[in-house]
Amino acid sequence: YKAALSGLNLGGGSAIIIGNNRTDKTEVLMRRFGQFVEGLNGNFIASTDIGTSQKDLEYMLSETNYVAGLPESLNGAGDTTIFAARGVFYGIKAAIKELYGDDSLAGRKVAVQGVGSVGEQLVSMLRAENARVYVSDMTEERKMKIAAKYKAEPITYATSFELDVDVYAPCALGGTVNPETVPRMRCKIIAGSANNQLKDEALTNKLLKEHNILYTPEFLINSGALISCYSELEGYGNNRTEALVKNIYNATRHVIQKSKEDDIYTHQAAQQLAEKRIFDIKKLKR
């Protein structure tokens with residue numbers, strides 16, 4: 001769905017190595033994973049995500065060429081987190097435009113839950129537009145460091161979704177938008193980079209509508225890293241990558257408009273648009 005909505009000619013998938021990324025990772029482990037990826041003969045292309053780094057990709061590259069998101073020193077497109085954050089940033093601006101009539105973030109309050117690589121980049125972009133930003137993270141030291149660096153306000157991780165803000169941006173793990181949390185939310189918009197943000201989709205979507213919270217589906221706005229990898233694979237430059245990422249703004253506006261016209265949830269509207277492109281391209285390929 002993420003690739004389809006972004007107009008990319010890719011499928012979708014994830015690979016997981018179960019373990020503690022701070023203590024269990026070794027060069028040998030990542031190279032062994034590279035061998036596994038090589039055995040898939042190009043049906044899977046590895047990149048960075050939670051718990052992985054560009055250095056890990058370098059280790060994989062020793063065993064397979066099916067890697068994207070490499071540093072520029074290895075002829076890659078560089079750090080994908082910048083584009084991941086930028087896509088979420090454009091998604092937030094599109095939602096702000098819907099609710100307030102203009103997309104200025106000056107003075108708008110945004111709670112960013114999870115300030116890892118993507119979360120930090122997002123905080124930087126929000127502060128650059130004079131948004132009032134609140135930050136939380138599972139690691140207290142990380143939270144305080146980012147808060148001080150960007151002049152943001154530190155808040156408690158476990159209850160960050162309860163803050164009275166314009167935007168709640170979940171940028172850590174998924175499932176924080178669920179039947180237990182939505183009734184306690186006081187935000188007007190949910191827009192973040194975390195995957196699988198909705199738990200119990202049917203009930204949660206219903207509750208979001210009842211509480212008048214605009215949800216921008218994560219697979220719609222968090223595709224910036226995937227776009228960057230796609231550009232690398234296709235040999236595009238940064239200008240083309242930036243244009244594709246910036247289109248997330250228009251795509252978000254389109255999904256919101258479709259949800260209003262068809263009287264369906266934004267999550268449903270995004271799914272339907274993705275499924276239509278997948279179906280149409282399948283017909284083309286027959």
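Modeller: In this predicted model, the axis of a helix is a line fitted to C-alpha atoms over the stretch in contact, and the angle between two helices is taken between their N-to-C directions.

Colleague: Which residues make the contact between helix 5 and helix 6?

Modeller: From helix 5 come Ser-117, Glu-120, Val-123, Ser-124 and Arg-127, while helix 6 brings Arg-142, Ile-146, Lys-149 and Tyr-150. Sorted by class, the residues of this contact are three nonpolar, two polar and four charged.

Colleague: Why is helix 2 called oblique to helix 3?

Modeller: Helix 2 (residues 27-38) and helix 3 (residues 54-61) have axes 7 Å apart and pack at an angle of about 60°. Roughly parallel needs an angle under 35 degrees and roughly perpendicular needs 65 to 115, so helix 2 is oblique to helix 3. The crossing in which helix 2 passes helix 3 is right-handed. Glu-27, Met-30, Arg-31, Phe-33 and Gly-34 of helix 2 meet Asp-56, Tyr-59 and Met-60 of helix 3, and this contact holds four nonpolar, one polar and three charged residues.

Colleague: How do the axes of helix 4 and helix 10 lie, and at what angle do they cross?

Modeller: The axes of helix 4 and helix 10 cross at roughly 35° and come within 9 Å, and helix 4 passes helix 10 in a right-handed crossing. Among the residues in this contact are Phe-83, Tyr-90 and Glu-98 of helix 4, together with Val-245, Tyr-249 and Lys-260 of helix 10. By class, the contact has eight nonpolar, five polar and eight charged residues.

Colleague: How many cavities of 30 Å³ or more does a search of the whole structure find?

Modeller: The search finds one, and the largest cavity has a volume of about 40 Å³. A cavity is a space where a 1.4 Å probe fits but cannot get out, which is why this space is called a cavity, whereas a pocket is open.

Colleague: What lines the largest cavity?

Modeller: Its lining consists of Leu-5, Ser-6, Leu-220, Ser-223, Ile-227, Leu-244, Asn-247, Ile-248 and Ala-251, with helix 10 giving the most, four residues. That lining has six nonpolar, three polar and no charged residues.

Colleague: How much space lies in the second largest pocket, and which elements each supply at least two residues of its lining?

Modeller: The second largest pocket holds about 410 Å³ of space. Each of helix 4 (81-100), helix 7 (201-210), strand 6 (214-215) and helix 10 (238-262) supplies at least two residues of the lining. There are 17 lining residues, and Asn-212, Ile-213, Leu-214, Ser-259 and Thr-266 lie nearest the centre of the pocket. By class, this lining has eight nonpolar, four polar and five charged residues.

Methods: Residues numbered from 1 in each chain as written. Predicted model: local features only at pLDDT ≥ 70, side-chain atom pairs only at ≥ 80, totals over all residues. Heavy atoms only, no water. 1 Å grid on protein atoms, 1.4 Å probe; cavity = no way out; pocket = protein on both sides within 12 Å on 5 of 7 lines; lining within 4 Å. Points joined across faces, edges and corners; volume = space filled by probe spheres on them. Nonpolar A, V, L, I, M, F, W, Y, C, P; charged D, E, K, R; others polar. Contact = heavy atoms within 4.5 Å. Axes fitted to C-alpha atoms, helices over the stretch in contact; angles between N-to-C directions. Parallel < 35°, antiparallel > 145°, perpendicular 65-115°, else oblique. Left-handed = near helix turned anticlockwise from the far one by under 90°.
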